[in-house]
Amino acid sequence: MEDNKPRGDGVVTGYGHINGRLCYVFSQDFTVMGGSLSETHAQKIMKVMDKAMLMGAPVVALNDSGGARIQEGVDSLAGYADVFQANVLASGVIPQISLIMGPCAGGAVYSPAMTDFVFMVRDSSYMFVTG
């Protein structure tokens, strides 16, 4: 695991404007370790969600993840706890929009379930509740 540290850790974060309105976004990259969430991956998501809350802007999540990165054990699960807490704190404060882009499992399903809107791609998106 120490030798395999992909750049960006499988999640791309950023912000921009949609129809002139500020919006924050993160996108999980399934081609990097199945889009699995690591401690670093969670920290990047937390930063973008914190910024969205600070600015009062919506956050859009493009989910394509197999869930927790089990190689990291408890650290990965703690990362999900932080993301879930951010979902709860943002609820009713800023719009949270999730897009399920492919098969998602575990925490990659629980977080979108707590958002305001969930969109799925016909014939390629699946939500597997596990645990």
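The model is predicted, so local features need pLDDT of at least 70 and side-chain atom pairs count only at pLDDT 80 or more, while totals for chains, interfaces and linings use all residues. Residues are numbered from 1 along each chain as its sequence is written, and side-chain values use heavy atoms, with hydrogens and water left out.

The largest nonpolar core holds 22 residues. A nonpolar core is a set of buried Ala, Val, Leu, Ile, Met, Phe, Trp, Tyr and Cys residues joined through side-chain atoms within 4.5 Å. Buried means under 20% relative accessible area, exposed means over 50%, and partly exposed lies in between (1.4 Å probe, protein chains only). Tyr-24, Phe-26, Ile-45, Met-49 and Val-59 touch the most other members of this core. At least two core residues come from each of β2 (21-28), α1 (39-55), β3 (59-63), α2 (74-90) and α3 (107-113). Helices (H or I, at least four residues) and strands (E, at least two) are DSSP runs, numbered from the N terminus. Helix α1 gives the largest share, six residues.

Ile-45 is in contact (heavy atoms within 4.5 Å) with Val-11, Phe-26, Gln-28, Leu-37 and Val-83, leaving aside neighbours within four places in sequence. Ala-42 lies in helix α1. Ala-42 counts as buried because its relative accessibility is 2%. Its contacts, with neighbours within four places left aside, are Leu-37, Gly-79 and Val-83.

Cys-23 is in no disulfide, and the nearest cysteine sulfur, that of Cys-104, is 18 Å away. Seen from Cys-104, the closest cysteine sulfur is in Cys-23, and 18 Å is too far for a bond. Both side chains are covered. Cys-23 counts as buried at 8% relative accessibility. Cys-104 counts as buried at 1%.

One salt bridge is found in a search of the whole structure. A salt bridge is a side-chain nitrogen of Lys or Arg within 4 Å of a carboxyl oxygen of Asp or Glu. Arg-69 pairs with Asp-9, and their closest N and O atoms are 3.0 Å apart. The pair links distant parts of the chain, 60 residues apart. Arg-69 is in the loop between β3 and α2, whereas Asp-9 is in the segment before β1. Arg-69 is buried, with a relative accessible area of 1%. Asp-9 also counts as buried, at 10% relative accessibility.

A nonpolar surface patch of about 230 Å² is made by Val-118, Met-120 and Met-127. Patches are made of residues with over 30% relative accessible area and no salt bridge; like charges are joined within 9 Å, and nonpolar side chains (Val, Leu, Ile, Met, Phe, Trp, Tyr) within 5 Å. Accessible areas come from the Shrake-Rupley method with a 1.4 Å probe, and for residues only the protein chains shown count as cover. Val-118 lies in strand β6 (residues 117-120). This residue is partly exposed, with a relative accessible area of 36%. Met-127 lies in strand β7 (residues 126-128). Met-127 is partly exposed at 30%. Apart from neighbours within four places in sequence, Met-127 is in contact with Ile-100, Cys-104, Val-109, Val-118 and Met-120. The C-alpha atoms of Met-127 and Gly-106 are separated by 8.4 Å, although the two are 21 residues apart along the chain.

Backbone angles and loops come next. Most residues other than glycine have a negative phi. Asn-19 has a positive phi, near 50°. Asn-19 lies in the loop between β1 (11-18) and β2, and counts as exposed at 84% relative accessibility. Asp-123 also has a positive phi, near 70°. Asp-123 lies in the loop between β6 and β7, and is exposed with a relative accessible area of 70%.

Gly-34 lies in the loop between β2 and α1. Gly-34 is partly exposed, at 21%. Not counting residues up to four places away, Gly-34 touches Asp-29, Asp-64, Ser-65 and Gly-66.

How values were computed
A disulfide is a pair of cysteine sulfur atoms within 2.5 Å.
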